[in-house]
Amino acid sequence: MSREETERPKLSAKNWAVDYGDSLYRYALSSVGDPGLAEELVQETYLAGIEALDKFKGNSAVKSWLIGILKHKIADHFRRKSRLVPMDESELERTVAELDRNFDNKGSWLKPPAVWPVSPEDELERKQIGEILKDCIDGLPEKLRGLYCMRDVEGMSTKEICKQMDISQTNVWVMMHRARSALRSCLENKLMDGK
Amino acid sequence: MFISISCKEASRLVSLSMDTELSFLQRVSLKFHLSMCKHCKQFARQINYIRELSGQLKIDPSKAN
């Protein structure tokens, strides 16, 4: 990014789609998992960016600034979703029941975690497993995927997520435990299949 | 023993420790359990690995095209 471009984003707004469209789209898609919705969020980001151009101080690169706006759009989406379908007690009970299925009545593993055929330090392998993990994340139920992406992909704080999604901290903890356990099982199935 | 916990509780605490600070008793119980249980140790290692990989799925604006 040239100094001129950073300082005068207004002049280059017409090129945003060409310059940053691909990055923004991939970012949105990895969070929401729906190509149409990802496209829509990117469009909303451009509009919000154009409206907020006057506030852009030029302290960061335009791309980082746009990704910041996109993050808010993604969080707004999940917040709207969670308001439309609030998490009720029965949903929480279902989540707990699903976790319970991994254990016998004494709390011991029914199917203990297997030893995975991976070498965590192998960069190429990490990339390949990252791709498999993306598929597993895409396969999570929508609300769980949204929550997981906010917390473990985006690194948002639990407090921030509670505010954004209007749910309690305990719910976040239980849902995150379910999401992580589900991803572990999914990855294990895929890795052991390919063995 | 008061610090003895089940695998189910240990797996819950492993995940919980990623989101909040555990109490002293929870920390000791988990550490004790993980030192004895290879399955839970494996579980902890795997979900830490998944979390680490997940953080890398995020597009780094400075590296994205």
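A disulfide is assigned to a pair of cysteine sulfur atoms within 2.5 Å. By this criterion, the predicted model contains 1 disulfide over all chains.

The sulfur of Cys40(B) has its closest cysteine sulfur in Cys37(B), at 3.6 Å, and is therefore too far away for a bond. Likewise, for Cys37(B) the closest cysteine sulfur belongs to Cys40(B), 3.6 Å away, which is too far for a bond.

The disulfide is formed by Cys136(A) and Cys186(A), whose sulfur atoms lie 2.1 Å apart. Distant parts of the chain are linked by this pair, with Cys136(A) located in helix H7 (residues 123-138) of chain A and Cys186(A) in helix H10 of chain A, 50 residues apart. The link is left-handed, with -80° about the S-S bond. Cys136(A) has a relative accessibility of 4% and so counts as buried, whereas Cys186(A), at 21%, counts as partly exposed.

Helix H10 of chain A, which spans residues 169-193, also meets helix H1 (residues 7-16) of chain B, where the two axes come within 9 Å and cross at roughly 105°. The pair is therefore classed as roughly perpendicular. On the side of H10(A), the contact is made by Trp173(A), Met176(A), His177(A) and Arg180(A), and on the side of H1(B) by Ser11(B), Arg12(B), Ser15(B) and Leu16(B). These contact residues comprise 3 nonpolar, 3 polar and 2 charged.

Note on methods:
Residues numbered from 1 in each chain as written. Chains lettered and ligands numbered in written order. Predicted model: local features only at pLDDT ≥ 70, side-chain atom pairs only at ≥ 80, totals over all residues. Heavy atoms only, no water. Axes fitted to C-alpha atoms, helices over the stretch in contact; angles between N-to-C directions. Helix = DSSP H or I, 4+ residues; strand = E, 2+ residues; numbered from the N terminus. Parallel < 35°, antiparallel > 145°, perpendicular 65-115°, else oblique. Contact = heavy atoms within 4.5 Å. Nonpolar A, V, L, I, M, F, W, Y, C, P; charged D, E, K, R; others polar. Buried < 20%, exposed > 50% of the residue type's maximum accessible area, 1.4 Å probe, protein only.
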